[in-house]
Amino acid sequence: MWPDYEALCWEFRDELGNLEKKAREFILAVKHTWNGEAIAQATIAMRHIEDARMRYGKVLQYLGDGESIFDKK
């Protein structure tokens, strides 16, 4: 009846990882044509994606045994 919230967190984390990779590639592609402030804002946006991915990792940590999933890999 209830959705598998842990599986959803893994899915969100994976999707955010893919988005983060694309954002990094985007920044590298435009860094020679954009001004500094535009690059800074794009970098901040990418960092927020990175942080959201980490936060879903923390959700998974506290849904489980409390040990970081990063340490398990």
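**Entry 1: words I need**

A nonpolar core is a set of buried Ala, Val, Leu, Ile, Met, Phe, Trp, Tyr and Cys residues joined through side-chain atoms within 4.5 Å. Buried means under 20% relative accessible area, exposed means over 50%, and partly exposed lies in between, with a 1.4 Å probe and protein chains only.

I also noted what I am looking at: this is a predicted model, where local features need pLDDT of at least 70 and side-chain atom pairs count only at pLDDT 80 or more, while totals for chains, interfaces and linings use all residues. Residues are numbered from 1 along each chain as its sequence is written, and side-chain values use heavy atoms, with hydrogens and water left out.

**Entry 2: the whole chain**

I looked up the helices and strands, which are DSSP runs numbered from the N terminus (helices: H or I, at least four residues; strands: E, at least two). The protein chain has three helices and zero strands, and its pattern along the sequence is α-α-α. The radius of gyration is 15 Å, well over the 11 Å that the globule rule gives for 73 residues, so the chain is more spread out than a compact globule. That radius is taken over C-alpha atoms, and the rule is 2.2 Å times the number of residues to the power 0.38. I found that the C-alpha atoms fill a box of roughly 50 × 25 × 20 Å along the principal axes. Of the 73 residues, 21% are buried.

**Entry 3: the core**

Which residues form the largest nonpolar core? I found eight: L16, A23, I27, V30, I39, A42, M46 and I49. Helix 1 (5–30) and helix 2 are the elements that give two or more residues to this core.

Next I checked E20, which lies in helix 1. E20 counts as buried, at 12% relative accessibility. Contact means heavy atoms within 4.5 Å. Not counting residues up to four places away in sequence, E20 touches M46, I49, E50 and R53.

**Entry 4: helix 2 from end to end**

I then followed helix 2, residues 36–63. Its 28 residues at 1.5 Å each should span 40 Å, and the end C-alpha atoms are 41 Å apart, which agrees. The expected span is 1.5 Å times one less than the number of residues.

What caps the N-terminal end of helix 2? I found N35 there, with a side-chain oxygen 3.1 Å from the backbone nitrogen of E37. N35 sits in the loop between helix 1 and helix 2. A polar atom of the N35 side chain is also 2.9 Å from the backbone nitrogen of A38. I used this cut-off for a polar contact: a pair of N or O atoms within 3.5 Å; within protein, one must be able to donate a hydrogen and the other to accept it, and residues adjacent in sequence count only if both atoms are side-chain atoms.

A polar atom of its side chain lies 2.7 Å from the backbone oxygen of G66. Leaving aside neighbours within four places in sequence, Q61 is in contact with G66, E67 and S68.

**Entry 5: aromatic rings**

Last, I counted two aromatic pairs. In one of them, F26 and W34 have ring centres 5.2 Å apart and planes at 75°, so the pair is edge-to-face. Rings of Phe, Tyr and Trp (its six-membered ring) pair if their centres lie within 6.5 Å; planes under 30 degrees apart count as stacked, over 60 as edge-to-face and the rest as tilted. F26 is partly exposed at 40%, and W34 is partly exposed at 36%.
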